[in-house]
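We'll go through it one piece at a time.

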Amino acid sequence: MNLRQKITEDMKVAMRAGDSKKRDAIRLLQAAIKQREVDERIQLDDTAIIAVIEKMLKQRRDSITQYEAARRQDLADAEKYEVDVLLTYMPQMMSEAEVTRIVDEVIALVGDAGQQQMGKIMALLKPKLTGCADMTQVAALVKKKISS
């Protein structure tokens, strides 16, 4: 079962169970996927759907930070619930040791890794780590390693 089928099946289960919060969160995800497909006139595969989910997670986390700063815990809790639902569709996250090992391998592959090579290193890492690691943390790790 691919990711799109799993999302659709979970939607049906939530609707049958009368779980309106989960249903609404899944509908938001389906709408984002459909919007991207219409905009780009393509059929998204699992990798592209994961990219959509990552974008939605980033948006939700930013919203949570803003809502908590504004002391709107009710809205922050709603966003946290959506984050929990979205995380169920993400692949298993890699451990920090695994990410570090892959980063070290790519840096060794590139060779003389100065600041100028940051883009090349990240381009090589992205297909390996997308969906399995937080890419902002990976970028920070790469920057730290190549500057030392």
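In this predicted model, helix 5 covers residues 96-110, which makes 15 residues. From its first C-alpha to its last it reaches 21 Å, close to the 21 Å expected at 1.5 Å a residue.

Which residues of helix 5 are buried? They are Val99, Ile102, Val103, Val106, Ile107 and Val110. These residues cover an arc of only 135° around the axis, so they end up on the same side of helix 5. Turn to the other side and you'll find Ala97, Ala108 and Leu109, which are exposed.

So what covers the buried residues of helix 5? The cover includes helix 6 (118-129) and helix 7 (135-147). If you follow the chain just past the end of helix 5, you get to Gly111, which takes a positive phi of about 90°.

Is Glu79 buried or exposed? With a relative accessible area of 14%, Glu79 counts as buried, because the cut-off for that label is under 20%.

What does the side chain of Glu79 make a polar contact with? Its partner is the side chain of Arg60, at 3.5 Å.

Definitions and conventions
Residues are numbered from 1 along each chain as its sequence is written. This is a predicted model: local features need pLDDT of at least 70, side-chain atom pairs count only at pLDDT 80 or more; totals for chains, interfaces and linings use all residues. Side-chain values use heavy atoms; hydrogens and water are left out. Buried means under 20% relative accessible area, exposed over 50%, partly exposed in between (1.4 Å probe, protein chains only). A polar contact is a pair of N or O atoms within 3.5 Å; within protein, one must be able to donate a hydrogen and the other to accept it, and residues adjacent in sequence count only if both atoms are side-chain atoms. Helices (H or I, at least four residues) and strands (E, at least two) are DSSP runs, numbered from the N terminus. The expected span of a helix is 1.5 Å times one less than its number of residues. The arc is that of the directions from the helix axis to the C-beta atoms. Contact means heavy atoms within 4.5 Å.
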